[in-house]
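Biologist: I'm new to this one, so please take me through it a piece at a time.

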Amino acid sequence: MTTDLYRRTIEWSEKKLDAEGHELTLKCWQSRPWMVDAFTDGINSDREREMNEWCRDNFGPEAWPIHGKPGDWYRGSATVYGWTHIGFATVDMMNQFLARWPAPETV
């Protein structure tokens, strides 16, 4: 099982990217298919920093797939209007994250 966001991301990359781009997408997300669109409040925001610290404290170091560094969670490199994709190795990890970091009521 995976999330719908993961499935849509992989389908999009397969249709829109060249083979190398699609392989990179798979490399980044395949081991962490429990993806969410998390409100990080923007690059270098306090919320983003706190989320990253919480993930490190609870799940270990962040994966850096393109650099060969393993890990059970991964934060996408693009933040759009304060939202960032974050993927987890297990559904339990994703659910723990969502319980701790729900999106604000109004954004």
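**Around Ala-38**

Biologist: Which residues does Ala-38 touch, not counting residues up to four places away in sequence?

Modeller: Contact here means heavy atoms within 4.5 Å. Ala-38 itself lies in strand S1; strands (E, at least two residues) and helices (H or I, at least four) are DSSP runs, numbered from the N terminus. Leaving out residues up to four places away in sequence, the ones touching Ala-38 are Met-51, Gly-82, Trp-83, Thr-84, Ile-86 and Phe-97.

Biologist: And what should I keep in mind about the model itself?

Modeller: This is a predicted model, where local features need pLDDT of at least 70 and side-chain atom pairs count only at pLDDT 80 or more, while totals for chains, interfaces and linings use all residues. Residues are numbered from 1 along each chain as its sequence is written, and side-chain values use heavy atoms, with hydrogens and water left out.

Biologist: Okay, is Ala-38 buried or exposed?

Modeller: The cut-offs are under 20% relative accessible area for buried, over 50% for exposed and partly exposed in between (1.4 Å probe, protein chains only). Ala-38 has a relative accessible area of 5%, so Ala-38 is buried.

Biologist: How are H1 and H2 oriented, roughly parallel or roughly antiparallel?

Modeller: Two packed helices are described by the angle between their axes and the distance between the axes. Axes are lines fitted to C-alpha atoms, for helices over the stretch in contact, and angles run from 0 to 180 degrees between N-to-C directions; under 35 degrees counts as roughly parallel, over 145 as roughly antiparallel, 65 to 115 as roughly perpendicular and the rest as oblique. The axes of H1 (residues 4-16) and H2 (residues 19-29) come within 8 Å and cross at roughly 160 degrees. That is why H1 and H2 count as roughly antiparallel.

Biologist: How many residues of the contact of H1 with H2 are charged?

Modeller: From H1, the residues Tyr-6, Thr-9, Ile-10, Ser-13 and Glu-14 meet His-22, Thr-25, Leu-26 and Trp-29 in H2. Here Ala, Val, Leu, Ile, Met, Phe, Trp, Tyr, Cys and Pro count as nonpolar, Asp, Glu, Lys and Arg as charged, and the others, Gly among them, as polar. The contact of H1 with H2 has 4 nonpolar residues and 4 polar ones, and the number of charged ones is 1.

Biologist: Next pair: how do H3 and H4 lie, oblique or roughly antiparallel?

Modeller: H3 and H4 (residues 91-100) pack with their axes 12 Å apart, at an angle of about 140 degrees. With that angle, H3 and H4 are oblique.

Biologist: How many nonpolar residues does the contact of H3 with H4 have?

Modeller: On the H3 side there are Met-51, Trp-54, Cys-55 and Phe-59, which meet Met-93, Gln-96, Phe-97 and Arg-100 in H4. In this contact, 1 residue is polar, 1 is charged, and the number of nonpolar ones is 6.

**Cysteines and loops**

Biologist: How many disulfides does the structure hold?

Modeller: A disulfide needs a pair of cysteine sulfur atoms within 2.5 Å. The closest cysteine sulfur to Cys-28 is in Cys-55, 16 Å away, too far for a bond. Both cysteines count as buried, Cys-28 at 8% relative accessibility and Cys-55 at 1%. The number of disulfides is 0.

Biologist: What is the phi of Asp-41, about?

Modeller: Asp-41 sits in the loop between strand S1 (34-39) and helix H3 (46-59). Asp-41 is partly exposed, with 45% relative accessible area, and beyond four places in sequence Asp-41 touches Arg-47 and Gly-82. Although Asp-41 is not a glycine, its phi is positive, at about 70 degrees.

Biologist: And where does Tyr-81 lie?

Modeller: Tyr-81 is a residue other than glycine with a positive phi, near 50 degrees. Tyr-81 counts as exposed at 77% relative accessibility. Its place is the loop between strand S2 (73-80) and strand S3 (83-88).
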